[in-house]
Amino acid sequence: MRDTPLSNCERRFLLKAIEAKKRLDGRQTYDYRNIKIAFGTDYGCCSVELGKTRVLCQVSCELVPPKDSRPTEGIMFFNLELSPMASPAFEPNRQSELLVTLNRQLERCLRNSKCIDTESLCVVSGEKVWQIRVDVHVLNHDGNLMDAASIAAISALSHFRRPDVAIQGRDVTVFSPEERDPIPLSIYHMPICVSFAFFLQGSYLLVDPCEREERVKDGLLVIAMNKHREICSIQSSGGIMLLKDQVLRCSKIASVKVSEITELINKALENDRKIRKEGGKFGFAESMPKERITTLKRDDAPVEMTDVKETASDIVNRTETTTEAVPSPVLVAMGTAQVGEGIVNSWALDEDEEDEPQTEDRKTDEVMIRLSQISILKSILPPVYCPPTYLLKSINILCTNFQAWFNSLLRMRAILMHAALTAERISL
């Protein structure tokens with residue numbers, strides 16, 4: 001999968017920010033991102049986080065025949081892998097140009113600088129020597145892979161312990177860590193790479209460029225140096241011409257950064273050595289921050305419970321007096337019926353009551369009901385919507401039609417009940 005290129009707007013934005021001496025993550029021009037170094041449970045396993053860039057390094061060893069040209073020296077082998085897990089732009093099982101460049105720079109930084117005593121890796125001259133293999137795996141790519149890989153490799157080599165051996169004649173005995181304590185490697189110095197990215201034909205430079213800044217860079221200068229200010233390797237790429245003063249300024253900045261990183265590595269090694277000696281817990285799991293998400297667990301919130309009754313009574317007294325609840329308008333007239341909370345059920349009317357002749361009192365009640373209907377409508381509706389006379393006539397027609405419909409429903413109900421009783425008797 002090919003990497004998604006930056007748009008012209010993003011490119012212009014990044015270059016304008018660099019001209020204004022501003023960076024995306026708020027750093028200054030010569031600032032590094034936060035570096036975190038953690039060691040695994042086994043010797044030689046190291047994880048380095050440079051901002052969001054994360055690299056894992058594992059050092060292993062085995063007995064192999066030496067090279068014919070150097071029969072008394074051990075062998076150093078470096079392997080760096082770029083997997084699609086680190087970035088979608090990396091393709092598996094393919095030697096990309098970036099991968100070849102990183103491997104060569106790592107070998108030039110650690111093996112060609114003679115930072116490790118290879119003669120101490122010889123077991124039997126011309127027959128058996130230790131081969132130290134350094135595997136670097138990129139877990140997440142967010143720029144400046146070379147610096148993160150060099151820090152992880154030298155930290156893992158400093159943390160590594162090889163098994164002890166015993167020689168009797170031509171027989172070589174390799175002891176396990178339970179039988180004899182492993183032996184650390186002889187490390188003379190710690191070379192660390194510092195990367196400088198140049199922009200706008202070398203007019204501006206940044207230390208520790210992130211992934212987006214690397215896309216718009218014009219050139220890259222990588223200086224490998226130890227804390228004694230000895231330059232182990234230097235490499236420039238991008239095809240830009242650098243002045244002598246620019247290289248000298250970069251070397252001075254690199255010396256300060258290398259001293260800080262070396263001190264950080266030594267402190268991490270000392271902490272791991274101290275924890276292992278005291279028998280405490282160590283490894284990647286212990287180095288992770290204790291951020292857990294649990295259920296059914298929450299912090300107790302302090303609640304002030306004094307003067308609760310007084311406060312509640314004051315709130316009640318300050319509230320306004322509620323107006324009386326006005327029920328929904330119910331038009332009670334001949335041929336209507338209502339069912340609801342607080343209203344008398346008048347659906348099941350007896351036929352005797354329907355056939356009962358209207359007396360003078362009943363007529364008076366009907367007149368009062370009609371007057372109450374008008375007063376209710378006037379009190380609810382706005383003055384502009386007061387019902388005229390034709391609206392009252394339509395209401396009377398609707399009531400009469402509803403009464404006839406309701407009487408037909410009652411007769412149908414009686415017929416159905418009679419039919420059900422007849423069917424029940426026949427079945428018996």
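This report covers a helix pair and a sheet in a predicted model.

## Basis

The model is predicted: local features need pLDDT of at least 70, side-chain atom pairs count only at pLDDT 80 or more, and totals for chains, interfaces and linings use all residues. Residues are numbered from 1 along each chain as its sequence is written, and side-chain values use heavy atoms, without hydrogens and water.

## Helices H2 and H3

H2 spans residues 97-110 and H3 spans residues 145-159. Helices are DSSP runs of H or I with at least four residues; strands are E runs of at least two, and both are numbered from the N terminus. The two axes lie 10 Å apart, at an angle of about 45 degrees. Axes are lines fitted to C-alpha atoms, for helices over the stretch in contact; angles run from 0 to 180 degrees between N-to-C directions. H2 is therefore oblique to H3 (under 35 degrees is roughly parallel, over 145 roughly antiparallel, 65 to 115 roughly perpendicular, the rest oblique).

In the contact (heavy atoms within 4.5 Å), H2 contributes Leu 98, Leu 102, Gln 105, Leu 106 and Leu 110. H3 contributes Leu 145, Met 146, Ala 149, Ser 150, Ala 153, Ile 154 and Leu 157.

## The sheet

Four strands form an open sheet in the order E12-E11-E13-E14, with antiparallel pairing. Pairing requires at least two DSSP bridges between two strands. E12 (204-207) and E14 (231-237) are the edges; each has a single partner strand, so one side of each lacks a neighbour in the sheet. The twist averages 20 degrees from one strand to the next.

E11 (residues 192-199) and E13 (residues 219-225) run antiparallel, joined by 7 bridges. Val 194 stands opposite Ile 223 in E13. H3 lies across E11 and E13, at about 175 degrees to E11.
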